[in-house]
Structures are given as structure tokens and as C-alpha cells.
Amino acid sequence: MSQQAAEATHRLVDGPAGRIHVVEQGAGPLVLLVHGFPETSYSWRRQLPALAAAGYRAVALDVRGYGRSSKPADPAAYRMLDLVEDNVALVHALGERSAVLVGHDWGANISAHSALLRPDVFRAVALLSVPYTPPGGPRPSDVFAGMGGDEELYVSYFQEPGRAEAEIEPDVRGWLAGIFAALSADTMPAPGAPDPHFVPRGGRMRDRFPAGRLPAWLDEAELDVYAGEFERTGLTGALNRYRNMDRDWEDLAAHGGAPVTQPSLFIGGALDASTTWLSDAIAAYPTTLPGLRSSHLLDGCGHWIQQERGEDVNRILVEWLAGLPTPEGSRAG
């Protein structure tokens, strides 16, 4: 492995909302890695060296509102259209014309919509954990409000500014440990136990998190990295993504039902609610992702897929990337 591929570098680049923090490793065609909630660019620590060794310029960003990227005060600044603009601006700031996107959780959603809205920039897209669902359908807040019955789906719980922050921020490290454990295959609640995706009326999310045990993929030092970032930044920027779902629904109405046609890949965890609840979206891939090259459900895997099963994800990603058409003239002049 070359020295360039062996070391990751951090830097800040200019974006529409201020700075975008990136971690970069390797040289070759550009691959942007887009994290979800509650993660940062650190969630791609197992992918950066593998992609660099395979001959790619791997760049993991802190999404707007996270880590060392800028955190606008206006909640509306976290709408999907703004996050797509961030990805486009990042490609150009890196001196490139095009990129492949790889996204996890909210990052999968951001990546899919970046590919949908800017096919001139994003030539392929890999989605981890969260399947692509085209814009359209009922208003999201109405859908989520109807899912909980006597309880409240976490997405609805996150809507009121300050409410989830009041639960999380007094003990960021403990809350992060709990949600990572709750959605990991080796530490998630047993079948039939109360579902941590739902909040009892008057209760808290953390009341249903496992306590006292970290998942196998996460050690104390790694948890410290995550906790340190969110203790410094707070959670409002991250939670504002959830608070724009109805705004996104309005912004993207003209694209209702639109497929993502570029070459694509999906990897999900067989034990992840994102894949079981959205199984109809996976079944619709022949229509919604007509460029799909392969789709994988990893047995015994939960939600944090690139961290739980880093070697499997790296192998699948590298094989998929190798099969993509070679970009021509990708670097900006």
C-alpha cells in the first residue's frame, strides 16, 4: 500500500453553509461517504483504508450540523435540497467533476436524493441500511404519527425542538451507548421485548435501551470519540434533519415517484428494522432503482452495518466499484 493510501488526512473545505469537514484517504476516482444519525465521518473508519487500498480517493464528510462541519442556526437550513448542494459543492471543492456516493442511514437518503437531483455530478450510488423510496406519497408527519398507536415513533418524538435534546444532552455518552446497543445484532432487545424505536407516552427513548454492554463492533475508546463530538456540538444540528421531513416532501413534490437510474447497490442488515419495515421498498427496486447492480441482506446484522460488518461491506463495495464504468475527465480543469 502506498504512503498516500496508508494515512488519512483531515481538512476543512468551503461549502454553502460555511465549512465542511472531511477525512480523506487514497487517490483515484472519488468516492464520497455520507454518514447517518447519530454518527459522524468517524463511522467510515473501516472503509477509508480499504477503499484507498483498492485505488480510490475515499472522502468521508461530517454532514451539515455534525462534527466539525458548520451548524446553521435556522432549522430550515437542514432540508434535503441544502444537503444535496453540500455534496455537489464538496465534489467541486475537491477539484473533481463527478463522484460515487456511499451513504448509511440518513446518509443513504441524502445520497439517493443527491443522485436523483444531480445525475450530472453523481455517477453511481450505494445505499446502506435504508432503502430508496422515491419522493411522494402522504405527508411524512401524518404517516409517522399513525405508526405508534398508544406509543410514539422516534421520528415523531424528534420533531419538537429541544425535546429529544433534553433527554440526550445531560448524558450524551450513555445515550449513544444505548442506541448503538439497541440497534446492533448482538445487543438488541430480544424478540418480543418492547421496541426501542417507540417511546411510551410520557417516557424517554433511553428507557428501552440495553444497559451495561457495548456491541462487539464498538469499544470504549471509539465510543469516547463519538461522545466527545456530540458533547461539543450538541444534538440540535443532527436532529434538525428529522425536523425537515415535511419540508422535503413539499420541496421534492415535482419528483414524485422518480427512480434513481445510475448504477446502484444496496446492503442491508437482516435484523435491521430499516430493512424489515421497508421491505416493500426493496421489492420495488426494479422500478425505483433500475440501475441496481446487486442487493445484499447480511444475516445476523443490525443497523450499524459498515461498523458491525466492516469486512463484508468493504468486500461488497470494492467489487461493486470495480464493475462501474471508468469515469472520464473526472477532475476539474
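I began with L239 and found its place in helix 10, residues 236-239, where helices are DSSP runs of H or I of at least four residues and strands are E runs of at least two, numbered from the N terminus. I kept in mind that this is a predicted model, in which local features need pLDDT of at least 70, side-chain atom pairs count only at pLDDT 80 or more, and totals for chains, interfaces and linings use all residues. Residues are numbered from 1 along each chain as its sequence is written, and side-chain values use heavy atoms, without hydrogens and water.

I looked up the accessibility of L239 and noted 0% relative accessibility, so L239 counts as buried (under 20% relative accessible area; exposed is over 50%, partly exposed in between, with a 1.4 Å probe and protein chains only). Leaving aside residues up to four places away in sequence, L239 touches F37, F158, A164 and E165 (contact: heavy atoms within 4.5 Å). L239 and F158 are 81 residues apart in sequence, yet 6.7 Å apart in space from C-alpha to C-alpha.

I then turned to strand 9, residues 264-269, and found 6 of its 6 residues buried, so the strand is largely enclosed by the rest of the structure. S264, F266 and G268 cover one side, and L265, I267 and G269 the other, all of them buried. Strand 9 pairs in the parallel sense with strand 6 (residues 122-128) over 4 bridges (pairing needs at least two DSSP bridges), and L128 stands opposite I267. Strand 10 (residues 292-298) also runs parallel to strand 9, joined by 6 bridges, with L297 opposite G268.

Last, I checked L278, which lies in the loop between helix 12 (273-277) and helix 13 (279-283) and is partly exposed at 31% relative accessible area.
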